[in-house]
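Here are my notes, as numbered points you can follow with the model open beside you. Have a look first, then read on.

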Amino acid sequence: MSIWVSVFAAISAFAVSAILGVILIPMLRKLKFGQTILDIGPRWHKSKQGTPTMGGLLFAGGTIVGIIVGIVIMISGSDWTGSSDYVQQLIKMITGLIMALAFGFVGFIDDYIKVAKKRNLGLRARDKLFMQSIISALYLWAIYLSGDTSTLIKIPFIGQFDLGIFYFPIAIIFIIFIVNAVNLTDGIDGLCGSVTFIYALVFMMICTFLDFRSLNIYAVSLAASILGFLIWNYYPAKVFMGDTGSMFLGGSVIALGIGAGLHVLIIIAGIIYIVEALSVVLQVISFKTTGKRIFKMSPIHHHFEMSDWSEVKIVTVFSLVTVIAGGIAILCALYGI
């Protein structure tokens, strides 16, 4: 695929995301769409009270524009053959984007309820879980209809295993877990954006090596739009992504991994998401069974905050871990599958 496809997609996505910040952030302030900070959180987070939320609209918009630009250039280029394989990839990419936007819409509803009621509790957990289950099932159904009927799980350097009919319920649970894990990673300025920016770059390289052209455009556009958002979200944040953004990112993480048929690499490249989610699970289990807490506070980034790590240090360390894990994921994709 021509390098110019990626270049123009990236420039478009970055520009839209960054420029939207100039327009939307003052608008969100005017509408008083500010974040309500939990009393149980670190006390210094209270200074962030009222910071505009729903900033995920910036990179969601940037990603959409970048993908449209990339697809138009790719299809009009000489390296687009129109083969059934390329068409199927394109359908899976578009399906993945729609799925991510659907998750983002659930997050938007959640954010709006929080803003309207001036509290940090939005949708009830069961309502959110129900909507996430429907979106996950429809996404898998759409992939199946596109012609990808595979129920294989590829484990690097070991082999592949056919889960048969059990693939679908397991995949639905996996999708919901990952989306919520990404959501939990959004707790301090720039953390979720930085980690997902690196994740997107990792899959951009994997999709380039494996010739997943459409998913490559998605990854490029996602990474560039997140970069544009980080201008506004890096410490000290002028806007938060909110559940609108974190759930869109969760859906995008899934779209890139499952779209490429590389489920296990989601876990490897997204190890920070997994650790964040497991820290919450372990904390709850420990407190319910023993009355004691394993961490000073969960998710685990708050534990490091309570241990006197600065937000910038946490973001830096977690990002470096993602870089290392991403490198391992790339090696697994090239030599282990």
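**Notes on the model**

1. Start with Y218, which counts as buried because its relative accessibility is 0% (buried is under 20% relative accessible area, exposed over 50%, partly exposed in between, with a 1.4 Å probe and protein chains only). Y218 sits in helix α7, residues 213–233; helices here are DSSP runs of H or I with at least four residues, numbered from the N terminus.

2. Before going further, the ground rules: this is a predicted model, local features need pLDDT of at least 70, side-chain atom pairs count only at pLDDT 80 or more, and totals for chains, interfaces and linings use all residues. Residues are numbered from 1 along each chain as its sequence is written, and side-chain values use heavy atoms, with hydrogens and water left out.

3. What does Y218 touch, leaving aside neighbours within four places in sequence? The list is T63, I67, M93, G96, L97, A100, S252, A255 and L256, where contact means heavy atoms within 4.5 Å. With S252 there is also a side-chain to side-chain polar contact of 2.8 Å (a pair of N or O atoms within 3.5 Å; within protein, one must be able to donate a hydrogen and the other to accept it, and residues adjacent in sequence count only if both are side-chain atoms). G70 is 148 residues from Y218 in sequence, yet the C-alpha atoms are 8.6 Å apart.

4. Y218 turns up again in the largest nonpolar core, which has 89 residues; Y218, L249 and I254 have the most contacts inside it. Such a core is a set of buried Ala, Val, Leu, Ile, Met, Phe, Trp, Tyr and Cys residues joined through side-chain atoms within 4.5 Å. Helix α7 gives the most to this core, with 11 residues.

5. On the rings: I'd look through the 10 aromatic pairs in the structure. Rings of Phe, Tyr and Trp (its six-membered ring) pair if their centres lie within 6.5 Å; planes under 30 degrees apart are stacked, over 60 edge-to-face, and the rest tilted. F59 and F229 are edge-to-face, at 4.9 Å centre to centre and 85° between planes. As F59 is in α2 (residues 56–76) and F229 in α7, the pair ties together parts 170 residues apart in sequence.

6. Y144 counts as partly exposed at 41% relative accessibility, and F168 counts as partly exposed at 28%.

7. Also in α4 (residues 125–145) is S136. Buried or exposed, at 0% relative accessibility? S136 is buried. Its side chain reaches the backbone oxygen of Q132 at 2.8 Å, and not counting residues up to four places away, S136 touches F103, I172, I175 and I176.

Note on methods: Helix = DSSP H or I, 4+ residues; strand = E, 2+ residues; numbered from the N terminus.
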